[in-house]
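Me: I would like to go through this protein with you and ask, for several of its labels, what stands behind the word.

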Amino acid sequence: MRGRKPKPTAIKELEGNPGKRALNKKEPKPESAIPTCPNHLKGVASQEWRRVTRELYALGVLTRVDRAALAAYCTAYKDYVQAENKLKKEGAVIISDKGGLYQNPWMAIKKRSMDQMVKFAAEFGMTPSSRSRVKVDIPSEEEELEKMLFGKNVKVKT
């Protein structure tokens with residue numbers, strides 16, 4: 001079956017259900033949590049992991065089951081940074097032994113990594129266009145205190 005990928009119900013709710021279609025009440029809803037960083041992520045990739053997991057968790061869009069997709073995003077980010085650094089040293093155009101000019105292979109790696117990063121980032125609402133469709137309620141200081149004292153699902157009525 002072709003067509004658009006279905007949006008998760010949580011995203012539809014955050015957007016205000018613009019299509020006004022019935023929402024899937026039986027969709028799995030994993031608990032919001034920061035997954036552990038995979039051991040294979042090192043250096044720039046693990047730094048990016050720490051950076052984005054804090055942000056995504058604060059927005060309530062990150063769960064433990066997102067670990068592999070987020071690891072793939074961080075790996076693409078690492079590849080992008082590596083390609084960018086190589087291009088700074090070598091340049092975008094390489095001169096062959098015979099004097100011919102050709103594109104540095106790191107350009108293709110950079111482009112492919114950027115494409116992968118944008119696709120994964122959109123899945124997590126990390127691009128301006130994907131974020132513009134999501135509405136997030138920012139809790140007040142009082143709600144934050146209630147969450148710390150009574151747990152995250154308890155709402156104290158005043």
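**Labels and their cut-offs**

Reply: On the surface, L145, M148, L149 and F150 form a nonpolar patch with about 470 Å² of accessible area together. This is a predicted model, in which local features need pLDDT of at least 70 and side-chain atom pairs count only at pLDDT 80 or more, while totals for chains, interfaces and linings use all residues. Residues are numbered from 1 along each chain as its sequence is written, and side-chain values use heavy atoms, with hydrogens and water left out.

Me: Why is F150 called partly exposed?

Reply: Buried means under 20% relative accessible area, exposed means over 50%, and partly exposed lies in between (1.4 Å probe, protein chains only). F150 has a relative accessible area of 48%, so F150 is partly exposed.

Me: Why does T127 count as buried?

Reply: The relative accessibility of T127 is 13%, and therefore T127 counts as buried. T127 is found in the loop between α4 (105–123) and α5 (128–132), where helices are DSSP runs (H or I, at least four residues), strands are runs of E (at least two), and both are numbered from the N terminus. Leaving aside residues up to four places away in sequence, T127 touches V118, A121 and A122, a contact being heavy atoms within 4.5 Å.

Me: How do you know that E48 forms a salt bridge with R51?

Reply: A salt bridge is a side-chain nitrogen of Lys or Arg within 4 Å of a carboxyl oxygen of Asp or Glu. For E48 and R51 the closest N and O atoms are 2.7 Å apart, and the pair forms a salt bridge. Both residues lie in helix α2, 3 residues apart, about one turn of the helix. E48 is buried because its relative accessible area is 5%, whereas R51, at 42%, is partly exposed.

Me: Why can the salt bridge of E84 and K110 be said to tie parts together?

Reply: The side chains of E84 and K110 meet at 2.9 Å, N to O. E84 lies in helix α3 (residues 67–90) and K110 in helix α4, so the pair ties together parts that are 26 residues apart in sequence.

Key:
Patch = residues over 30% accessible without salt bridge, like charges linked within 9 Å, V, L, I, M, F, W, Y side chains within 5 Å. Areas by Shrake-Rupley, 256 points an atom, 1.4 Å probe, with all protein chains shown as cover.
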